Amino acid sequence: MTFTGELFDIFSWLPAKSLYGLSSVCKSSKELLSDDFFIRKQFKNMQLVPDRDFFIIQKYRKGNLESHALSSKNSSAGPPPESLNFLENHGNIIASSNGLLCCRSIADYDEYPLFLFNPTTWSCLPIPILIREQLVFGDQKSVSFSCAKKKTISCCWHYLPLMSGGKQILLALHCGLRRQELQFTILQNTKGGKKGLGDNRLRIFEWGDHPNTSEFNSICLVKLLKNVFTVWVLMRTSSSYYWKRVFRMRVQAMALALSNISPRSRVDGFAVLNGSVLIFAIGRKVYSYNLKDGNNAGAGEEVCGYGCGGLVRFAPYSSTLRPCGPGAITLP
Amino acid sequence: MAPKNKNPNGENVVPEVQQKKTQALILKSSDGEEFSISKSAAGLSVAIKNMMEDDCAGGVIPLPLVDGGTLARVITYLNKHAEDGASDEDKRKFDEEFLSGMEVDVLCDVALAGNYLDIRGLFHDVCQRIVNGMKNKSVEWVRKTFRIESDFTAEEEEQIKKEYAWAWEGVDSDAD
């Protein structure tokens, strides 16, 4: 087998962390890390497999974050500790996709309040923002962005769902330069959705089998009220949209391992990752629950413990070689 | 008028098509073993399909880079994927079982054959399967498994290991 043949393909399915680890195999394996064709193949392949890791970020406090593997069966393919240090001091992760983190500068009056960052390769791209008011979202708002499937990063678009006045607005930014607006007046249409609004217990996430690749995926709305999770999925008919409830369960019932959790414990944060896995933090531990498995008791798993206190947020992470795009700089 | 048969859905099938499907082709492995395969199954390999279209096959196609054991496995895969009425779910289940029993050296042989015969689906699945088996494996393991000679000096190798020390967390030691 050669690095111009089969090994090129085999290695392109490895997370970037493993590629750095195996770069001492021979000169050809090291050269892959700077081969444009290989880099593109690697980050595209990583879009076809589920994200393996996640960040857990303390809310309302700058610079407190950790990186963990999403399944206790996998070792972490998280970024180098230097990147975590960098993020602690410079950027608050507000969203992530295909190995890139969309961060908000920690400095209050930065020229570029937003930047993209690949914590594995140290590639960084400041995003010019035309209208500063776009940045009214804080830690508590639901924000996501995604790298488009077939396009290069220069066409990457980010959509920032902003919650205001009971309406959900998906705002798409083309690297901050071009905007498209899509409006969903979802909350009016979701039975029971309005209840719980205003205490940050209502969030929107991507939903579907291949959340990183399909442009036709849906979104889901997750409500947490009195320690009960309820999940609705946006369904499409030929002419309209409607919301379908797909899941409802008490936190304590979601896994046998959780049975020893006090009924008075509070869920400190939750998210849906990989289009179907609900993860949540309670009692300084993170649990995952596969929503596609419905009410099956085996669908839950204890993922890890964590040190951040108070309320937390989650951001998925996949270790890729994806560059941030034209104009990106490599941090020293 | 030619007689018509009915398939399980009760639809009429034109015998001409049926005949083409059952037409056999002989594939000859590097160690001289001969395998019979239907043209429709063989056509899933882009390389064999091109040879059939160029009509350079002459009924027997020699495959000097694929040994008999590997070719038998590839043919099992092609037959399943060319099977009438096999749903995507069936094929997915078959692929899972088909690959799960293979050791990494067998997977490497199937990957080589899949790439050589240009069977993209098989090649992609096998690559992913090999990568799953590479989790936490050491540099020495990778060199041994893929028969790669190191062209680094000991100093160069040490330098790279130092530079990317973070990437070694959780990786087996070379002795494992």
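Analyst: In chain A, which has 332 residues, 58% of the residues are buried, where buried means under 20% relative accessible area, exposed means over 50% and partly exposed lies in between, with a 1.4 Å probe and protein chains only. This is a predicted model, in which local features need pLDDT of at least 70 and side-chain atom pairs count only at pLDDT 80 or more, while totals for chains, interfaces and linings use all residues. Residues are numbered from 1 along each chain as its sequence is written, chains are lettered from A and ligands numbered from 1 in the order in which they are written, and side-chain values use heavy atoms, with hydrogens and water left out.

The secondary structure of chain A comes to 6 helices and 19 strands; helices (H or I, at least four residues) and strands (E, at least two) are DSSP runs, numbered from the N terminus. Of the contacts in chain A between residues at least 6 apart in sequence, 52% join residues at least 24 apart, and contact means heavy atoms within 4.5 Å.

The close look itself concerns helix 7 of chain B and its partners. Two packed helices are described by the angle between their axes and the distance between the axes. Axes are lines fitted to C-alpha atoms, for helices over the stretch in contact, and angles run from 0 to 180 degrees between N-to-C directions.

Helix 6 of chain B packs against helix 7 of chain B at an angle of about 150°, with their axes 9 Å apart. That makes the pair roughly antiparallel, since angles over 145 degrees count as such, those under 35 as roughly parallel, those from 65 to 115 as roughly perpendicular and the rest as oblique. The crossing of helix 6 and helix 7 of chain B is left-handed; a crossing has this hand if the near helix is turned anticlockwise from the far one by less than a right angle, and is right-handed if clockwise. Among the residues that meet are L107(B) and A111(B) of helix 6 and F123(B) and I130(B) of helix 7. By class, this contact has 9 nonpolar, 2 polar and 2 charged residues, where Ala, Val, Leu, Ile, Met, Phe, Trp, Tyr, Cys and Pro count as nonpolar, Asp, Glu, Lys and Arg as charged, and the others, Gly among them, as polar.

Helix 5 (residues 88-100) of chain B also packs with helix 7 (residues 120-133) of chain B, at an angle of about 50° and with axes 11 Å apart, and the two are therefore oblique to each other. Helix 5 of chain B passes helix 7 of chain B in a right-handed crossing. Residues of this contact include F98(B) and L99(B) of helix 5 and D125(B) and R129(B) of helix 7. The residues of the contact of helix 5 with helix 7 divide into 4 nonpolar, 1 polar and 4 charged.

In helix 3 (residues 46-53) of chain B, the buried residues are A47(B), I48(B) and M52(B). Seen down the axis of helix 3 of chain B, these fall within an arc of 135°, so they line one face of the helix; the arc is that of the directions from the helix axis to the C-beta atoms.
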